[in-house]
Amino acid sequence: MKQLLFAMLMFLLLSGNASAQQTQNNTKEKMKWILSVNGGYGTRTARLDPEVPSGLKEHIRKLRTGPVLQLEAGIKASNAHAFTLSFSSLMMQNNNHVYAQSSVVQTPGGPTTVLTTNRISTNDRINVITANWVSFSSLNPNQTVFLTSKLGMGIASYRSDNSIQVINFGTTGFELNGTGFAILGGLGLDIKLSKTLFLSLNGELTTASARFISGNEASYTDDEIDGVYILNFTGGLRLVL
């Protein structure tokens, strides 16, 4: 963790130095506030674990995608660079998925295979908070269309709430939580609508390594560190003041 914090600190120091040099070279440029609101669609890109029971694979596939909301605010140090803090939330759910599962139980006559019918509902959410360096490159002489690029570092958190009903037996629930260091990279287009308002179209990839904790009200278990990979496509508005 200390190495990760050191890497973030060095990134911010180098970014700040670049901003200072850019500001000195463009003394006529004034620092401006920027605020962005975006919405769209996101997907998890990690491969499905081959050990997942066949009855659950379709349920998990439906949990790979969902709507995403993004908020971003910061300072535009020059016409070419900005430093921002962003928050994104990817929400995925699939309810009342029915699947069959076989399990071995101990009976007076010895081990017996029991086939049960289960109904599972899951609500997943992945939140990412990053500090970002954003660059703007004009694509036309009138400076109405800009190519944007973003590099960010921060924290990702994952939460999964699950309810499983074993038909004719009862209902149980469990949750899965994880947090970890995240790196974000993105490209986009900003299209000028007015002096202060831009249409923003973006594609972003976030990778994170998180340690997950799973359990229920009675007990919790540490799981191995795993990867979270998210690809978001969003559109929205950016305000520059």
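Let's start at one residue: Leu 85 has its place in strand E3. Strands (E, at least two residues) and helices (H or I, at least four) are DSSP runs, numbered from the N terminus. Leu 85 counts as exposed, because its relative accessibility is 53%. The cut-offs here are under 20% relative accessible area for buried, over 50% for exposed, and partly exposed in between, with a 1.4 Å probe and protein chains only.

Before going on, a word about the model: it is predicted, so local features need pLDDT of at least 70 and side-chain atom pairs count only at pLDDT 80 or more, while totals for chains, interfaces and linings use all residues. Residues are numbered from 1 along each chain as its sequence is written, and side-chain values use heavy atoms, with hydrogens and water left out.

Now step back to the whole chain. The protein chain has two helices and eight strands, and from the N terminus on its elements run α-β-α-β-β-β-β-β-β-β. Of its 241 residues, 34% count as buried.

Leu 85 also belongs to a nonpolar patch on the surface, whose members include Trp 33, Phe 87, Ile 129 and Leu 241, with about 940 Å² of accessible area for the patch together. Strands E1 (32-44), E2 (65-76) and E3 (81-107) are the elements that give two or more residues to this patch. The largest share, three residues, comes from E1. As for the rules, patches are made of residues with over 30% relative accessible area and no salt bridge; like charges are joined within 9 Å, and nonpolar side chains (Val, Leu, Ile, Met, Phe, Trp, Tyr) within 5 Å. The areas come from the Shrake-Rupley method with a 1.4 Å probe, and for residues only the protein chains shown count as cover.

What about salt bridges, where a side-chain nitrogen of Lys or Arg is within 4 Å of a carboxyl oxygen of Asp or Glu? A search of the whole structure finds seven of them. In one, Glu 204 pairs with Lys 150, and the closest N and O atoms are 2.9 Å apart. Since Glu 204 lies in strand E7 and Lys 150 in strand E5, the pair ties together parts that are 54 residues apart in sequence. Glu 204 and Lys 150 are buried.

Another salt bridge joins Asp 190 and Arg 238, with 2.6 Å between the closest N and O atoms. Asp 190 is in strand E6 and Arg 238 in strand E8 (residues 220-240), so this pair ties together parts 48 residues apart in sequence. Both Asp 190 and Arg 238 are buried. Shared partners also join Glu 72, Lys 150 and Glu 204 into one network of salt bridges.

On to the rings. Rings of Phe, Tyr and Trp (its six-membered ring) pair if their centres lie within 6.5 Å; planes under 30 degrees apart count as stacked, over 60 as edge-to-face and the rest as tilted. The count by this rule is one aromatic pair. Phe 146 and Phe 198 have ring centres 6.2 Å apart and planes at 70 degrees, so the pair is edge-to-face. Phe 146 sits in strand E5 (residues 145-166) and Phe 198 in strand E7 (residues 197-215), 52 residues apart. Phe 146 counts as buried at 13% relative accessibility, and Phe 198 is buried at 9%.
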